[in-house]
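This report looks at a few local features of one chain. Start with the sequence and the structure, then read on.

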Amino acid sequence: MRFGSTIIIALRALRRNKLRSVLTALGIIIGIGAVIAMVSIGNGAKSQVEAQVASLGQNVITVFSGSINTSGTRSGWGGAATLTLDDADAIAREVSGIAGVSPEVRDRSQVLANGLNWNTQIQGESPDYITIRSWPVAEGSMFTEQDVRSVAKVCVVGKTVVDQLFPETEPIGQTLRIRNIPFKIVGVLSAKGFNLFGQDQDDVVLIPYTSHMKRITRRTNIASILIQADSPEVIDKVQQSITDTLMQRRKGRDQDFTVRNQVELAEAATKTTKTMTVLLGAIACISLVVGGIGIMNIMLVSVTERTREIGIRLAVGAHGRDVLLQFIIEAVILSVMGGILGVLLGIGSSQLISFYLGWPVLISTLSVAAAVSVSAVIGIFFGYYPAMKAAELDPIDALRYE
Amino acid sequence: MAPVVQLKDIHKIYDSGEVQVHAVRGVTLELHKGEFMAVMGASGSGKSTLMNTLGCLDRPTRGTYLLDGVDVSGLDRNQLADLRNAKLGFVFQGFNLLSRTTALENVELPMLYGTGHGTARQIRERALHCLDIVGLSQRADHFPSQLSGGQQQRVAIARALANEPQILLADEPTGNLDSKTSVEIMGVFQKLNDAGITIVMVTHELDIAHFCKRNLIMRDGRVVSDIAVADRSLAEAEMQKLHAAEAQAKLTD
């Protein structure tokens, strides 16, 4: 009964000063709106980066050949021709917890087909490559293990290559000449877009690694090995096991390879956006605090201005607690209403931003819930002191107040 | 019948640092149901302090105060508030209505505090009934700023009646009103008193005090005179006289 009527009393008091109530809540509206908009933009950027990282494939571990020291001149990673197919075979054979292995050989080359030519990346891979990279074939099919064994002249082409060489015709079944060797196109990869570094991932021709090594580059070593672990939990174990296997094969020689996993890359990539989100969030939080102080300021003015009203209430039987509760409820109503309006404002403005600027935005329900509860806490926190001052007034003094 | 109010040797000393102000110096007083008493005195005579004590807004430094048989001296802030809510009604010189709040909501105010006032609907009905008693039920939805001084004071009286108090305490209720409206307000008080409500009012106007049944005069914190009014003014008769005088003034013009 008391609590219910106190809410009625608080609502009536707010209604008496509509304009001031709205202006007071404005600080919170803008603060919460800013938080929601900033966090949405930050989350949007983060999810975009995460999507790009995910496009590299799931749970991918990469082994690069190492650096070489030629009479004092040290090459960078990949400079040494130290990885061999035997290394890849040993990993596939001895390391447990892996879902796929693909030895990689890369080369840029001019390709001809359909009377057109194009310079593109020629990658020698195993059939596992498309599952490791989560990169399905859009048309046709991936070459097979059989093709690898038979050093077949087959290839799977990326979307960009198709656009450049087969603008009007169907590529499947056609012949693509790489260094004058005809390869039959058996599949077309689905579009993957640009990677984190702005490279067009679709500008690629995949062929069996055996074909690449024996027919095109005539190399005996491979550039890197892609390995897919079964699950994120075993990545570290698999990575260690790969290192151990390869070191065992090196028989005491120095390590001439490096093993990286995708988690490291993902962390590096999301770090920037995380920093940005925290920064934007912090700025928005400052505006929230300012909004809270605005509420406190107005409530203090309100207590002074309404001293007589408080006196009347105390005279007719209000307890100090009733007055305290009334002013806290007023502050909480102001800030929660402000919070709800702020959430709407934040959602609206982030939608506008995404519509006009094309930025990705992601509104999380968590941030909305947090914003509303934070605004309630602000109401209680900044409303308490003025409410306390009101509750402690002496009824006689308050009634006499001019 | 036991008196509604029993004051025994009440003292009130305000201790403001170095100086001690002895505002009330031993007042003993009994007030029975149905009385209508005016408290008079110059400023500083202690009448306001006495009223605050009677109204349970302030506690006496010494002495005992029995309100309706309950000893008030030992009660804390919240218990005093509950007592005010249950047994006392206040009317102030400056009306003290909540601005931008309808007459009805103003009258509902005391019933929103304390316990046992019933549902929102019952409170509303009771408030309307109180406005009806003071003849303002037609103005229930008006804001104080839309009412005349006399009407505002009547809303304040209705608010004081809302809790069916034992005593109505009025602090210079006609202080801000012209003489005709003052008579009107005194008429309302007399009507309420006739219906059995005990009223105590502070005033410094002799003619207003003349509407009461009992006059108490204070000086320097003591009661110097406590007399029954022999031939008290009746608001109705005074009103007729005023009307006649007005008519006269127009005739002679």
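The model is a predicted one. Asn114(A) sits in the loop that links β5 (98–113) to β6 (116–125) of chain A. Its phi is positive, at about 55°, although the residue is not a glycine.

Asn180(A) also belongs in this account. Its phi is positive and near 70°, and again the residue is other than glycine. Look for Asn180(A) in the loop between β9 (175–178) and β10 (181–189) of chain A. Is Asn180(A) buried or exposed? Asn180(A) is exposed, with a relative accessible area of 56%.

| Residue | Phi | Relative accessibility |
|---|---|---|
| Asn180(A) | near 70° | 56% |

Now turn to a strand. Strand β1 of chain A covers residues 60–65. How many of its six residues are buried? Five are, so the strand is largely enclosed by the rest of the structure.

Which strands pair with β1(A)? One is β13 of chain A, residues 224–229. It runs antiparallel to β1(A), and five bridges connect the two. Within this pairing, Ile61(A) has Ile227(A) of β13(A) as its bridge partner.

Another is β14 of chain A, residues 257–261. β14(A) and β1(A) are likewise antiparallel and joined by five bridges. Here Ser65(A) stands opposite Phe257(A) in β14(A).

Key:
Residues are numbered from 1 along each chain as its sequence is written. Chains are lettered from A and ligands numbered from 1 in the order in which they are written. This is a predicted model: local features need pLDDT of at least 70, side-chain atom pairs count only at pLDDT 80 or more; totals for chains, interfaces and linings use all residues. Side-chain values use heavy atoms; hydrogens and water are left out. Buried means under 20% relative accessible area, exposed over 50%, partly exposed in between (1.4 Å probe, protein chains only). Helices (H or I, at least four residues) and strands (E, at least two) are DSSP runs, numbered from the N terminus. Two strands pair if DSSP finds at least two bridges between them.
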